[in-house]
Amino acid sequence: MKTASWILWICILIAIFFLGRCSKKCEKVETVKMETVTELRVDTVTIVEPVETVRTEIRRETLTAPADTIYLPGDTVRIEVPIETKEYRDSLYALQIEGYRPRLNWVEVYPRTQYVYRTETKTINTPARRLSLGPAFAYGYDIKNNHWAPFVGVSVHYALLSW
């Protein structure tokens with residue numbers, strides 16, 4: 001009988017060992033969550049009567065116009081009209097116009113500003129350790145005295161299954 005109980009205990013320990021090997025592994029689990037939010041804003045800049053920076057006369061064109069308020073055939077005058085280009089420049093805009101007496105009244109510029117917000121979350125989950133030391137309050141079979149008895153003390157604990 002004594003040999004049978006020892007063989008039973010050894011079989012139980014071997015079964016527990018292999019059951020523990022099949023359970024969930026204790027390894028670090030890392031979760032990375034990355035979120036990107038892109039926001040595009042359009043701002044309006046109004047520039048009233050911008051300052052002229054460059055004026056260049058390109059050519060002169062000759063036009064014919066009536067010489068008097070009463071139109072008679074052959075009664076015309078030739079007029080030279082200057083054709084100019086003008087450039088307007090600032091840190092927010094640049095433009096060029098061309099024609100007879102060109103004048104720019106206003107300009108609106110719509111600069112686009114793009115904002116990118118990135119959120120990165122990194123989580124590391126570590127399962128509980130398998131081997132631990134702690135108090136033990138148990139009721140079990142006392143092999144030495146051959147009867148069931150309570151036990152109070154310190155024990156080394158090995159977790160077979162974890163979830």
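Me: Where does Glu 84 sit?
Reply: Glu 84 is part of strand S4, residues 76-89, in a model that is predicted; strands (E, at least two residues) and helices (H or I, at least four) are DSSP runs, numbered from the N terminus. Residues are numbered from 1 along each chain as its sequence is written, local features need pLDDT of at least 70, side-chain atom pairs count only at pLDDT 80 or more, totals for chains, interfaces and linings use all residues, and side-chain values use heavy atoms, without hydrogens and water.

Me: Which side chain of opposite charge is nearest to Glu 84?
Reply: That is Arg 55, 4.2 Å away, and Glu 84, although buried (under 20% relative accessible area, with exposed over 50% and partly exposed in between, 1.4 Å probe, protein chains only), has no salt bridge, a term for a side-chain nitrogen of Lys or Arg within 4 Å of a carboxyl oxygen of Asp or Glu.

Me: And what is Glu 84 in contact with?
Reply: Leaving aside neighbours within four places in sequence, its contacts (heavy atoms within 4.5 Å) include Arg 55, Thr 56, Ile 97 and Arg 101.

Me: Switching topic, which residues make the largest nonpolar core?
Reply: Its seven residues are Ile 47, Tyr 88, Tyr 93, Ile 97, Leu 104, Val 107 and Val 109, where a core is a set of buried Ala, Val, Leu, Ile, Met, Phe, Trp, Tyr and Cys residues joined through side-chain atoms within 4.5 Å.

Me: What does Tyr 93 touch?
Reply: Not counting residues up to four places away in sequence, Tyr 93 touches Ile 47, Pro 50, Val 51, Tyr 88 and Val 109.

Me: Is Tyr 139 buried or exposed?
Reply: Tyr 139, in strand S8, counts as exposed because its relative accessibility is 56%.

How values were computed. Lys and Arg count as positive and Asp and Glu as negative; His and the chain ends are not counted.
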